[in-house]
Amino acid sequence: MTITIETLCLRLGGVTVADIEHWIDSAWLRPEGAPGDYRFHDIDVARARLIAELRADPGIGDDGMGVVLSLLDQLYDARRQMIRLRTVLDQPQAADLRIRLAGLLEQCVI
């Protein structure tokens, strides 16, 4: 299901269409569609809510927002990769790999 920019503003509260358009122009949000006909998915709504919270609570400005969002994207991607790795390592046929990996991790000093 997708929503319009106006519906997104209503859901977020206190965020204007101009704010959302600025976030799109800054590449912080990447909805489907073109100006005047943007469509937002649930993931876009969650990201817009995060942007609104970051701007309000810790007061992150335009200069820092791109950096913060990039770091969060990297963190979420690393988390997804770790979940995939754990799924593979949980397979019965990965027993030898788990043993080898445990040995390598013991040798690793950080």
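1. Which helix is Asp 44 found in? Asp 44 sits in helix H3. Keep in mind that this is a predicted model.

2. Leaving out residues up to four places away in sequence, Asp 44 touches Leu 29, Arg 30, Pro 31 and Arg 39.

3. Now turn to helix H2, residues 17-25. Its buried residues include Ile 20, Trp 23 and Ile 24. Why do they lie on the same side of H2? They cover an arc of only 100° around the axis, so they share one side. An α-helix has 3.6 residues a turn, so residues three or four places apart point the same way.

4. The other face of H2 is turned away from the buried side. It carries the exposed residues Ala 18 and Asp 25. After H2 comes Ala 27, with a positive phi near 65°.

5. What do the buried residues of H2 pack against? Their partners are helix H1 (5-12) and helix H3 (42-56). Take Ile 20 as a case. Not counting residues up to four places away in sequence, Ile 20 touches Ile 5, Leu 8, Cys 9, Leu 12, Val 15, Leu 29 and Phe 40.

6. Finally, the core. The largest nonpolar core has 20 residues. Leu 8, Ile 20, Trp 23, Leu 29 and Phe 40 have the most contacts inside it. H1, H2, H3 and helix H4 (62-89) each give two or more residues to this core.

Definitions and conventions. Residues are numbered from 1 along each chain as its sequence is written. This is a predicted model: local features need pLDDT of at least 70, side-chain atom pairs count only at pLDDT 80 or more; totals for chains, interfaces and linings use all residues. Side-chain values use heavy atoms; hydrogens and water are left out. Buried means under 20% relative accessible area, exposed over 50%, partly exposed in between (1.4 Å probe, protein chains only). Helices (H or I, at least four residues) and strands (E, at least two) are DSSP runs, numbered from the N terminus. The arc is that of the directions from the helix axis to the C-beta atoms. Contact means heavy atoms within 4.5 Å. A nonpolar core is a set of buried Ala, Val, Leu, Ile, Met, Phe, Trp, Tyr and Cys residues joined through side-chain atoms within 4.5 Å.
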